[in-house]
Amino acid sequence: VDEEVRRLLRRVAEDETLPPSTVSDAELLEKARDKPTSALADVLSLLGALRRRIRSLTRPAR
Amino acid sequence: MAKPDDEATAAFTHYVREARARLQRTAYLMCGDWQLADDLTQETLITLYRRWSAIDQNIGPTPYATRVLVHNVRRSAKRAWRSHEVMMTPPEVPQDPPHGSEERAVILKALARLGPRQRAIIVLRYWQDMSVEQTAEAVGCTRGTVTSQSHRALATLRALLGPTLNPTDP
């Protein structure tokens with residue numbers, strides 16, 4: 001069944017031609033560069049990383 | 001957080017060229033909509049660019065990009081659910097073995113019956129060929145959860161896709 005699931009997922013994802021994106025790679029880079037920095041987003045991201053780290057340290061060993 | 005310098009930007013551009021299609025196909029398997037998959041991939045790559053300098057280059061950007069993509073897909077599913085965009089009744093899955101594009105539609109309908117987390121786990125484990133540990137890291141859960149959710153999701157898919165999964169069965 002594992003191999004069959006792999007085959008089916010490949011069929012869905014790979015048999016169809018990837019539709020063209022709404023933005024090119026260059027436009028994407030421009031968007032990423034232009035996006036204003038949000039201090040709040042940075043703080044939330046750091047908190048997320050900290051939470052994941054604490055969770056991995058406090059997770060009981062199996 | 002400092003924005004990447006020219007060298008880092010070149011490395012990021014190279015990564016985008018190399019990984020964008022795969023991320024987009026992963027997103028499509030997780031959400032079932034090419035347009036949304038494109039948007040979620042763009043969002044993921046923009047986030048990745050902004051964190052590029054903080055990424056451990058020994059590990060590479062893929063684990064972080066995958067984690068962000070899964071987060072974006074699940075957030076988008078939650079948003080859709082809140083705004084009642086999801087179908088109230090899950091689509092019917094035909095019982096006869098399908099062919100060609102019909103088979104793709106049946107598989108997508110079956111995937112749509114899984115919850116966002118189960119669906120992400122199945123896609124990462126069986127399409128991206130990630131290990132249980134890598135999947136747990138990407139989805140933000142324990143290895144035990146990956147194993148149990150994967151087991152349940154496979155049972156659901158087996159029940160829904162019986163003839164498609166086992167086409168030679170009588």
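Between chain A and chain B of this predicted model, the count is 4 salt bridges, a salt bridge being a side-chain nitrogen of Lys or Arg within 4 Å of a carboxyl oxygen of Asp or Glu. In one of them, the side chains of A:R6 and B:D129 meet at 2.8 Å, N to O.

Three helices of chain A each give two or more residues to the side that touches chain B. Here they are:

| Element of chain A | Residues |
|---|---|
| α1 | 2-14 |
| α2 | 25-34 |
| α3 | 39-58 |

Helices here are DSSP runs (H or I, at least four residues), numbered from the N terminus. Which helix gives the most to this side of chain A? That is α1(A), with 12 residues. By class, the side has 14 nonpolar, 6 polar and 18 charged residues; Asp, Glu, Lys and Arg count as charged, and Gly is among the polar ones.

Now for the whole interface. In contact (heavy atoms within 4.5 Å) are 38 residues of chain A and 46 residues of chain B. Together the chains bury about 4,000 Å², 57% of it on carbon and sulfur atoms. Buried area is the accessible area (1.4 Å probe) lost on putting two parts together, summed over both. A:L9, A:V12 and A:L18 supply 16% of the area that chain A buries against chain B, more than any other three residues.

Residues are numbered from 1 along each chain, and chains are lettered from A in the order written. Local features need pLDDT of at least 70, side-chain atom pairs count only at pLDDT 80 or more, and interface totals use all residues, while side-chain values use heavy atoms.
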